[in-house]
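Please keep the sequence and the structure in view while reading.

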Amino acid sequence: MTTALLLARKDLTERLRDRSFLIFGLIAPFGIAWILALVAGPAFEGTFTATYRVHDAAGFVGGSLVAGLEDAGFDAALVDTADAARTAVDDDQADAALLIPPPSFSGEPAPIVVYGDLDAGLAITVAESIAASVGAQTDTARLVLDVTGDPAAAAAVGGATPPVSLVQATTGDRVLDGITYLAVGMALFFLFFSVQGGILNIIEERTNGTLRRLLVAPVGRGAILLGKTLSSALAGLLSMVVLAVATTLSLGADWGPWYGVVLLSVAGVIAAMGLGALIGTIARTAEQAGNFAGIAATVLGLLGGVFFPISTGPGFFDAVTRLSPHRWLLEGFGANAGTAPFTAVLAPALVVAGFGVVTGLAAYARRSKLTGVV
C-alpha cells in the first residue's frame, strides 16, 4: 500500500504540473460554463409562452378553451372566423390557430385543425397536444347533440370542464436551475477527459518500456497499477471540487449539500476510470487511446445532455440515453440540489458506479493488453 501511495503522489504531482490537466480539468469547463451562462443562461431561466387564436365553429368548447389557455399563462383569443384565425398566424400576431370544425350530425369524429407558424415549433407541438385533448371533449359534445338534438345540452357538456388547465408540477426536487445545469454539465463532460490522463500515462510507459521494468521490480503489480490509477482518481475529484466551489462563488450555482456532491463525484470518477481503463486495453498507442477516449466522452456527454437538457420520452431514444453515466449524474445532482430524499441521489450514484465497475472488470480481464505483460 505504501508503494501505491508513493506512486500516486508522484504521478499526481506530475499531473498538477501538466498544462493539459489545468486546461481540461479546470480552465476549459469553468470557462465554457461561464460563457454559456452569459449567453444562454437567461434562456434556461425563461418561461415558455405562446399566442393562440381559436375559432369554434361548433360552439361547444371555444369559450372554455380560451379561458383555460389564459389561465395557463398563454395569450389566447376567440375569433369569429377561421380565416381571421389563419390571418393572425400569417401576420405574426399568433403562433398557432386551433380551428374547431362545425357539427357534422353524423356521429363521426371531426379532427381539430392546427394552423401554425413553422418557426414556432414548440408552440405548434403544444397546440397539437391541446387539440388532441379538446377533440375528445368536442366529440362527446357532438355525440350529445346527435342524440338529443339540443345545442344547449351539447354546449353544457363541452364547457363542463376546462379543456386546458394549469397544473403545478413538483419538478423542483429533481431539476437543476439553468446556471447550475451548465456548471455541472461542463464539469462532468471534462471529468472524463481529465481522468484519462493516468491511463494515457500507463500506455506511454508501456510504449517506452518503463512500465515493464517497473512491473518486474520486487513490488506487487497490483500496487503499481493502483498507484497510477489512484492519481487519476484524485485528480478527477480535485477537478470536481474546485469547479463546484468556483461556479458556486462566481456564477451562483447551487450544487446542493456537500456530501451528495462528493458521493456523485466519486461515482463519476469511478465511471470515468473504468471506461478509460477499458479503452486503454483496446488502443495500441497513447495517441490512439486519447482519440478513442475523446470520442467516447463526447458521445456519452451528448447523450447524457451535458450541454443542454434532452427531453426524453418512452421508447428507444430514452433507453439509449440511459446508457450514458452523464444522464444519471445530472439526475443525481438535480436531486441533490433540490428537495428530493437522499435515496434519489444514492440511486443514480450506484448506477454510475456500477457502470465504472463493469467497464473496470472488463479492463481487468484484459489487463495484459494494458500493461504489455502477461
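A cavity here is a set of grid points where a 1.4 Å probe fits but cannot get out, and its volume is the space filled by probe spheres set on those points. The model is predicted.

**Cavity**

- The structure holds one cavity of 30 Å³ or more.
- Its lining consists of Phe 192, Gln 196, Ala 272, Leu 275, Gly 276, Ile 279, Ala 293 and Ala 297.
- Sorted by class, six of the lining residues of the largest cavity are nonpolar and two are polar, with no charged residue.
- Helices α12 (258-282) and α13 (286-304) each supply at least two residues of this lining.
- The biggest share of the lining comes from α12, which gives four residues.

**Ala 271 in helix α12**

- Ala 271 is found in helix α12, the helix that gives the most to the lining of the largest cavity.
- Ala 271 has a relative accessible area of 0% and is therefore buried, the cut-off being under 20%.
- Leaving out residues up to four places away in sequence, Ala 271 touches Phe 192, Pro 325, Val 352, Phe 355, Gly 356 and Thr 359.
- One of these contacts, Phe 192, is also listed in the lining of the largest cavity.
- Ala 271 and Gly 356 are 85 residues apart along the chain, yet their C-alpha atoms are separated by 3.5 Å.

**Sheet**

- Four strands form an open sheet in the order β2-β1-β3-β4, and the pairing is mixed.
- The edges are β2 (75-78) and β4 (113-116); each has a single partner strand, so one side of each is left without a neighbour in the sheet.
- From one strand to the next, the twist averages 20 degrees.
- Strands of a sheet pair through backbone hydrogen bonds, either parallel or antiparallel.
- Strand β3 (residues 96-100) pairs with β4 in the antiparallel sense, over four bridges.
- Within that pairing, Ala 96 has Gly 116 in β4 as its bridge partner.

**Helices across the sheet**

- Helix α4 (residues 62-71) lies across β1 (51-56), β2 and β3, and runs at about 165 degrees to β2.
- Helix α5 (residues 82-90) lies across β1, β3 and β4, and runs at about 165 degrees to β3.
- Strands β1 and β3 are named for α4 and again for α5.

Terms used
Residues are numbered from 1 along each chain as its sequence is written. This is a predicted model: local features need pLDDT of at least 70, side-chain atom pairs count only at pLDDT 80 or more; totals for chains, interfaces and linings use all residues. Side-chain values use heavy atoms; hydrogens and water are left out. On a 1 Å grid over the protein atoms alone, a cavity is a set of points where a 1.4 Å probe fits but cannot get out, and a pocket is an open set with protein on both sides within 12 Å along at least five of seven lines; lining residues have an atom within 4 Å of a point. Ala, Val, Leu, Ile, Met, Phe, Trp, Tyr, Cys and Pro count as nonpolar, Asp, Glu, Lys and Arg as charged, and the others, Gly among them, as polar. Buried means under 20% relative accessible area, exposed over 50%, partly exposed in between (1.4 Å probe, protein chains only). Contact means heavy atoms within 4.5 Å. Two strands pair if DSSP finds at least two bridges between them. Axes are lines fitted to C-alpha atoms, for helices over the stretch in contact, and angles run from 0 to 180 degrees between N-to-C directions.
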